Amino acid sequence: MGVLENKARARTFYKYLSKVYDQINPFIWDERMRDEAIEMLGLSADDRVLDVGCGTGFATEGLLEHVDTVYGLDQSPHQLSKAYQKFGKRGDVRFHLGDAERLPFRDDAFDVVWSSGSIEYWPNPVVALRECRRITKPGGQVLIVGPDYPNSTIFQKLADAIMLFYDESEATRMFEAAGYEAFEHHIQQSRPGSPRAITTIAQVPE
Ligand SMILES: C[S@@+](CC[C@H](N)C(=O)[O-])C[C@H]1O[C@@H](n2cnc3c(N)ncnc32)[C@H](O)[C@@H]1O
């Protein structure tokens with residue numbers, strides 16, 4: 001398990017990274033990739049959407065262009081305080097300080113659960129994916145973006161030491177273990193040579 005697949009360490013990491021997150025993030029995960037993933041969902045304005053690991057609200061902002069109600073949850077108070085500066089603490093986005101592995105919402109509460117760039121920090125991703133399924137209505141959608149596994153052995157070793165990087169077969173294993181039956185994976189990349197994301201869109205069983 002990578003050094004950042006630990007909730008306390010990830011929280012400390014984001015205490016510092018939150019200061020520059022919005023400047024660094026576009027080199028890895030940019031607006032074009034985010035918007036391409038959002039388009040996969042075919043959102044309606046009245047969909048109730050949760051952004052798990054919302055951070056400073058980069059994806060939240062894109063989701064808000066399509067729907068009226070977005071909830072944002074993150075375990076880092078420092079990341080959330082940056083998000084509050086953009087959206088207000090009690091504005092259009094309903095923010096929650098919380099853990100992806102124990103989502104503080106009732107069963108079937110959302111039409112769509114979205115999470116971008118957060119799964120790689122979750123110590124028990126299958127537990128969190130099961131939570132996402134629990135709080136999404138039957139027939140609703142769960143979309144998870146994570147880092148695609150590198151091709152070269154040296155980068156694989158480095159990646160494994162830091163956090164969860166995974167390929168399509170591992171994504172399939174995790175989603176099946178979490179109780180999903182229908183899903184597809186898409187590889188996203190900003191430009192040749194830049195980091196690749198693996199985006200899985202799953203339908204919650206009826
Ligand atoms: C790379 S940022 C992604 C932020 C945002 N989703 C985006 O698209 O830019 C990862 C976020 O996941 C959050 N995170 C990590 N582990 C978490 C957990 N167990 N529960 C909730 N949030 C978590 C971090 O605090 C951080 O804000």
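Guide: Let's start with the whole chain and then zoom in. Among contacts in the protein chain with a separation of 6 or more, 66% join residues 24 or more positions apart; two residues are in contact if their C-beta atoms, placed from the backbone, lie within 7 Å. Keep in mind that this is a predicted model: local features need pLDDT of at least 70, side-chain atom pairs count only at pLDDT 80 or more, and totals for chains, interfaces and linings use all residues. Residues are numbered from 1 along each chain as its sequence is written.

The protein chain has 8 helices and 7 strands. These are DSSP runs numbered from the N terminus, with helices (H or I) of at least four residues and strands (E) of at least two. A compact globule of 206 residues would have a radius of gyration near 17 Å, and the 16 Å of the protein chain agrees with that; the radius is taken over C-alpha atoms, and the globule rule is 2.2 Å times the number of residues to the power 0.38. The C-alpha trace spans about 45 × 40 × 30 Å along its principal axes.

Buried residues make up 38% of the 206. Buried here means that 20 or more other C-beta atoms lie within 10 Å of a residue's own, exposed means 12 or fewer, and partly exposed is in between, with C-beta atoms placed from the backbone.

Why does Pro123 count as partly exposed? Because 16 other C-beta atoms lie within 10 Å of Pro123. Beyond its neighbours within four places in sequence, Pro123 contacts Met1, Glu5, Asn6 and Lys7. Pro123 and Glu5 are 118 residues apart along the chain, yet 4.9 Å separates their C-alpha atoms.

Step on to H6 itself, residues 125-135, and you find Pro125, Ala128, Leu129, Glu131, Cys132, Arg133 and Ile135 buried. Here's a handy rule: an α-helix has 3.6 residues a turn, so residues three or four places apart point the same way. What covers the buried residues of H6? The cover includes strand E1 (48-52), strand E4 (110-116), strand E5 (136-147) and helix H8 (168-177).

In soluble globular proteins, nonpolar side chains tend to be buried together. Leaving out residues up to four places away in sequence, Val49 touches several residues, including Leu63, Val67, Val112 and Trp114.

Asp108 lies in the loop between strand E3 (93-97) and E4. Asp108 has a positive phi of about 60° although it is not a glycine. With 13 other C-beta atoms within 10 Å, Asp108 is partly exposed. Phe105 is in the loop between E3 and E4 too, and Phe105 counts as partly exposed, with 17 C-beta neighbours inside 10 Å.
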